[in-house]
Amino acid sequence: MSADCIFCSIVDGDIPARTVHETDDVLAFLDANPLAPGHTLVIPKAHAQHVGDLDDDLASDLFAAVTELTPRVQAAVDAEGANVGINDGEAAGQEVPHVHVHVIPRFEGDGGAP
Ligand code: 5GP
Ligand code: ZN
């Protein structure tokens, strides 16, 4: 855990979030400012700022959660597709310095990728 990290505080239960999936190492919860209904964030519970900081096992666990969750999230909101992605680094738009995978449901005619 890292002091002053919002997502570590969510993992610790100090900030509430709407959890949609949890394993020993990974947590998924709804984005507080969703770009679309069902917008979900999938994070490693251990603090890491960049994807390159993840060890192979954790990277694998994180991606396994994403592959399992993405169709479930889409089905939950009747979406036809999803943007699945990571903003890695401030220059790429990363605002929360704890690795997170966005799963953003998409609907035909909604304007496409962000
Ligand atoms: P980034 O720009 O870092 O890739 O995305 C950060 C995401 O975290 C944003 O979509 C933002 O809405 C979300 N977010 C920021 N603070 C919170 C929070 O306290 N709770 C939840 N559930 N989402 C948050
Ligand atoms: Zn953190």
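## Terms and model

Two strands pair if DSSP finds at least two bridges between them. Helices (H or I, at least four residues) and strands (E, at least two) are DSSP runs, numbered from the N terminus.

This is a predicted model, in which local features need pLDDT of at least 70 and side-chain atom pairs count only at pLDDT 80 or more, while totals for chains, interfaces and linings use all residues. Residues are numbered from 1 along each chain as its sequence is written.

## The sheet

β4 and β5 pair in the antiparallel sense, over five bridges. Gly85 stands opposite His102 in β5.

These two strands belong to an open sheet of five strands, ordered β1-β2-β3-β5-β4, with antiparallel pairing. β1 and β4 are its edge strands, each pairing on one side only.

## Helix α2

Helix α2 covers residues 56-76, which is 21 residues. The expected span of a helix is 1.5 Å times one less than its number of residues; for α2 this gives 30 Å, and the end C-alpha atoms are 30 Å apart, which agrees. Just after α2, Asp78 takes a positive phi of about 60°.

## Packing of the helix on the sheet

Leu62, Ala65, Val66, Leu69, Thr70 and Val73 of α2 are buried, meaning that 20 or more other C-beta atoms, placed from the backbone, lie within 10 Å of a residue's own. An α-helix has 3.6 residues a turn, so residues three or four places apart point the same way.

The buried residues of α2 pack against β1 (19-22), β2 (26-30), β3 (40-44), β4 (81-85) and β5 (101-106), where contact requires C-beta atoms, placed from the backbone, within 7 Å.

Terms used: Chains lettered and ligands numbered in written order. Buried ≥ 20, exposed ≤ 12 C-beta atoms within 10 Å, placed from the backbone. Contact = placed C-beta atoms within 7 Å.
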